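Here is a set of questions and answers for someone opening this structure for the first time.

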Amino acid sequence: MERRINMGRKIFFILQLQVLFYAKANGAGTHIGAVYFSDRAWTQIRFTSNQDVDQVKASVLAIRYHKGGSRIARGLRKCRVGLFSVRNGMRSNVPRALLTITDLRISSGYSATKRESEKLKRKGVVIFAMGIGSSVHTGDLEGLASQPSYSHMFQLKSRSWIPAGSDLKIALALCSVGRTSNAVVHPVVPQHAINRHTIASHITFDDMECAFICIKHSSCYSFNFHSSSRLCELNYARKADFPIHFSYNRDSVYSELDFVPDDTL
């Protein structure tokens, strides 16, 4: 039993590291903060802290495990007061995203957690909720997450095994908060497709309609359009993320989205 718990702790922190690294590497100008909670809450990384990727990685790995409950309400309050505030380095002109990670059921009362999450949302913070292990209840995550909850929550049933690509999927969801309204479809690769990363499928008239659907979906970064069946597959990853899953497909045209800042057009 102890070995299983220790493995869960290791994966818990590894996943934190990977998510933060991807978010930092894929978001120019991204500032990262971290709050740790159990029975209490501690600010581990501030927005004013050194934001160098290597330093962020080291800071995450340095977070110590504390025994105790899962008082998420206290963690959320610490985020609201000690992290998402101007005096602690929060910028007023950028999108804000928060990823909560827990491997236990909420132990501080559902109503208190709901109140704190709503206060953060009113400050413009988009909340993603992630649960690891069978102890986490779906209802707890739904109460935390922004709407629609199905695209803002992640639930991994096992503490000792995490599906490949989960870290990238979560990081891309976080990065989607900062998507601008200026999407450019680029490039178009005929007779190719990316596999294993589809989040939704539709039958469309042509690849142009498929592109519009992808642009409207907050987690879509590329799409495959199959000309014979008119099947449009929306993907959360690009070919550069998983080149091993990008392959020849005679019937498919692959395209991906680039986003340019609103003030450049």
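**Questions on the predicted model**

Q: In which strand does Leu98 lie?
A: The model is predicted. Strand β3 covers residues 96-102, and Leu98 lies in strand β3.

Q: Is Leu98 buried or exposed?
A: A residue is called buried under 20% relative accessible area. Leu98 has 8% relative accessibility, so Leu98 counts as buried.

Q: Which residues does Leu98 touch, not counting residues up to four places away in sequence?
A: Leu98 lies in strand β3 and counts as buried. With residues up to four places away in sequence not counted, Leu98 touches Leu76, Cys79, Phe84, Leu120, Val125, Val126, Ile127 and Phe128.

Q: What distance separates the C-alpha atoms of Leu98 and Lys121?
A: Along the chain, Leu98 and Lys121 are 23 residues apart. Their C-alpha atoms are separated by 9.8 Å.

Q: How many helices and strands does the protein chain have, and what percentage of its residues is buried?
A: The protein chain has seven helices and 10 strands. Of its 265 residues, the buried ones make up 44%.

Q: Which residue caps the N-terminal end of α7?
A: The backbone nitrogen of Met208 lies 3.2 Å from a side-chain oxygen of the capping residue. The residue that caps the N-terminal end of α7 is Asp206.

Q: Is Asn235 buried or exposed, and which side chain makes a polar contact with its side chain?
A: Asn235 is in strand β9. Its relative accessibility is 0%, so Asn235 counts as buried. At 3.1 Å, the side chain of Asn235 makes a polar contact with the side chain of Thr198.

Q: Which residues line the second largest pocket?
A: The volume of the second largest pocket is about 180 Å³. Its lining divides into five nonpolar residues, three polar and one charged. The lining residues are Tyr150, Ser151, Phe154, Lys169, Ala173, Ile199, His217, Ser219 and Tyr236.

Q: Which residue does a cis peptide bond join to Pro148?
A: Most peptide bonds are trans. Pro148 is found in the loop between α5 (138-144) and β5 (153-156). The peptide bond has an omega of about -5 degrees, and the residue it joins to Pro148 is Gln147.

Q: What is the phi of Gln191?
A: Most residues other than glycine have a negative phi. Gln191 lies in strand β6 and, at 37% relative accessibility, counts as partly exposed. Although Gln191 is not a glycine, its phi is positive, at about 55 degrees.

Q: Where does Arg230 lie?
A: Phi of Arg230 is a positive value near 60 degrees. At 40% relative accessibility, Arg230 counts as partly exposed. Arg230 lies in the loop between β8 and β9.

Definitions and conventions. Residues are numbered from 1 along each chain as its sequence is written. This is a predicted model: local features need pLDDT of at least 70, side-chain atom pairs count only at pLDDT 80 or more; totals for chains, interfaces and linings use all residues. Side-chain values use heavy atoms; hydrogens and water are left out. A polar contact is a pair of N or O atoms within 3.5 Å; within protein, one must be able to donate a hydrogen and the other to accept it, and residues adjacent in sequence count only if both atoms are side-chain atoms. Helices (H or I, at least four residues) and strands (E, at least two) are DSSP runs, numbered from the N terminus. On a 1 Å grid over the protein atoms alone, a cavity is a set of points where a 1.4 Å probe fits but cannot get out, and a pocket is an open set with protein on both sides within 12 Å along at least five of seven lines; lining residues have an atom within 4 Å of a point. Grid points are joined across faces, edges and corners, and a volume is the space filled by probe spheres set on the points. Ala, Val, Leu, Ile, Met, Phe, Trp, Tyr, Cys and Pro count as nonpolar, Asp, Glu, Lys and Arg as charged, and the others, Gly among them, as polar. Buried means under 20% relative accessible area, exposed over 50%, partly exposed in between (1.4 Å probe, protein chains only). Contact means heavy atoms within 4.5 Å.
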